[in-house]
Every structure is written in C-alpha cells, then in structure tokens.
Amino acid sequence: MSDHRKRTYVVTGADSGIGADTARTLEERGGRVIRCGVGQDVDVQADIGTVDGRRALVAGVTRLASAGVDGLALVAGIGAPTPATVSVNYFGTLAVLHGLRPLLLESVAPRVVLISSASALSSGDSRLVAAALGGNESAAVAAAQRAVARKRGAVIYRSTKIALNRWVRQHAAGEEWAGSGIPVNVIAPGIVDTDTARRTMLNDSARVKVLAEALPQPLGFPGPVQPIADAIAWVVGAENSFMTGQIIFIDGGADATLRGDEPYSDGVSYGLVSTTKMVAWTILGRLRARGM
C-alpha cells in the first residue's frame with residue numbers, strides 16, 4: 001500500500017461516486033486532499049463545464065496549495081446525452097490539468113491520472129473526437145448537438161472518453177509532461193456500483209442486460225468501487241515513478257473479453273529514419289567492440 005503522507009492531492013468530482021471514494025482513500029492513507037466539485041461538501045466548489053468555473057477551480061486550489069500539488073486525480077465527469085458532457089468531461093478536465101501544471105512542477109514527485117471509461121472501447125462520433133483533439137470546444141459542442149438531433153446522444157459520453165484517451169497517448173510522453181517529470185496516465189473503469197450508476201443505469205432490468213452485453217465483466221457486474229479508488233491512489237502516488245501514457249482498464253475483464261489480443265497482434269513498425277539510426281548505432285557498437 002502506497003504511503004501518501006506529506007503529499008497533497010487534488011481530486012475533482014470528489015463530491016460523489018469514484019471521486020468521493022478516491023478522496024477518502026487518499027486521506028485514510030495519510031494524504032492531504034483538496035476536494036473539488038459542484039456539491040456543498042467540498043473545498044473548492046466549481047463547475048468545470050464553464051470557462052469561469054475552470055478558472056475558479058484553479059484559483060481556489062492555488063489559494064489552498066500555494067506550495068504545490070503532488071497528485072491530481074481528474075475524476076469529474078457527467079454522462080448526460082447532451083453537449084454539456086463535452087464541456088465537462090474533455091475541455092473542463094484538460095483546462096484543470098493545464099491550469100494546475102505550475103503547482104505540479106513544484107512537487108518532487110508529481111503524478112496525474114485522468115478517469116476515462118471502458119465505454120471508450122466502443123466507437124464514438126469521429127467529428128466530435130476530432131474537434132476535441134483539435135482543441136475546438138465550439139466545434140465539439142456543435143458535433144454533440146448534431147448527435148442529439150440525430151437521436152444519437154448516447155454516443156457523446158464515450159466520445160469524450162475516447163478523446164481523453166487519445167490526448168493522453170499523444171501528449172503524455174512529450175516534453176510538457178514526461179519531459180518535465182510528470183507522469184500522466186488514464187484509468188478506465190468498467191461499470192461499477194456507484195449511487196449515480198444505480199440511479200441512472202442500473203435501475204432498469206432491460207438496460208442492465210444491454211449494458212452487460214455491451215461491456216461483459218466476467219469478474220462481476222456491476223463491479224465494486226473501491227478497487228478503482230485503490231488503483232487511482234497508486235497511480236497518483238510517489239511509487240508510480242516509471243509509467244506514463246497508459247490506459248489502464250479496470251473493468252472486470254471487459255477489455256480482454258471484447259478485444260482479446262488484438263491490441264498486441266501487430267508489432268511496432270519503425271520508419272526509415274529510426275531504422276537507419278538503429279542500424280548505424282549497431283554498426284558503430286560492433287566497430288567499437290573490435291577496437292576499431
């Protein structure tokens with residue numbers, strides 16, 4: 001179990017569900033936790049679905065942790081089949097990440113985890129995802145509006161999570177994050193037994209059957225929340241010093257069931273420049289070994 005003493009964490013979405021359990025877990029293990037959310041029982045109350053709310057969260061955290069932040073758990077998200085989900089889940093999450101980066105740089109062991117979803121295993125709205133990755137919030141919201149008009153609002157949530165996954169894969173290993181000593185990873189939970197899930201997804205037997213078919217979880221459906229919180233706690237802990245850019249599915253076996261070994265069926269294909277460099281270095285190494 002990671003030791004979180006003398007570390008300061010920021011948890012968004014800490015007023016309910018996975019966020020609340022994560023905040024509690026980190027606190028029980030010795031960490032100082034700054035809870036952020038839209039409810040009343042938080043340290044920083046802000047709606048990251050708006051520009052003003054994002055600024056308010058960053059300002060509030062800065063006031064409470066001016067010496068720096070050691071770990072950032074970006075859990076906040078909504079699942080409504082509306083354009084607001086785009087603004088909260090993707091643009092709000094990344095705005096907070098970028099806004100708190102200066103505080104992360106003050107830590108000797110900064111860590112970041114973003115919360116995605118196993119629903120991202122399914123295909124999303126390509127225009128919405130492209131607009132999000134392009135940083136164009138108005139275009140992404142417009143794509144979500146078109147999806148609603150076509151009665152495809154259900155695709156919005158997983159599209160935001162697909163975009164988050166891809167953003168992390170594109171940027172985590174770059175100079176701004178790994179190059180600055182900040183590991184950034186993603187945890188993608190399956191369907192777990194939160195109050196929100198019980199209220200919105202698990203209260204209809206027919207829908208439960210659909211969900212169980214779409215996201216088969218051999219280890220149990222719905223799954224427990226605590227393993228998700230435990231995983232988040234490790235990923236944002238100081239012990240996680242050599243992992244970045246990973247999408248970690250904690251989904252009761254959904255990813256393995258749906259994709260099998262597909263992600264690993266083809267190896268990496270190196271380009272001409274990389275191949276030429278490796279050949280040259282290999283030849284140089286052999287020449288040196290011969291004393292030439």
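From β4 the chain passes through helix α3 (residues 84-104) to reach β5, making a right-handed β-α-β crossover; right-handed here means that, with the strands pointing away from the viewer, the path from the first strand over the helix to the second runs clockwise. β4 and strand β5 (residues 111-115) run parallel and are joined by four bridges. β1 and β4 also pair in the parallel sense, over four bridges, and V11 has A73 in β4 as its bridge partner. Two strands count as paired if DSSP finds at least two bridges between them. Helices (H or I, at least four residues) and strands (E, at least two) are DSSP runs, numbered from the N terminus.

In a regular strand, side chains alternate between the two faces of the sheet. Strand β4 (residues 71-74) is covered on both faces: G71 and A73 on one side, and L72 and L74 on the other, are all buried. Buried means under 20% relative accessible area, exposed over 50%, and partly exposed in between (1.4 Å probe, protein chains only).

K6, in the segment before β1 (8-12), has a positive phi of about 65° although it is not a glycine. K6 is exposed, at 84% relative accessibility. A cis peptide bond, with omega about -10°, joins F221 and P222.

Residues are numbered from 1 along each chain as its sequence is written, and side-chain values use heavy atoms, leaving out hydrogens and water. Because the model is predicted, local features need pLDDT of at least 70 and side-chain atom pairs count only at pLDDT 80 or more, while totals for chains, interfaces and linings use all residues.
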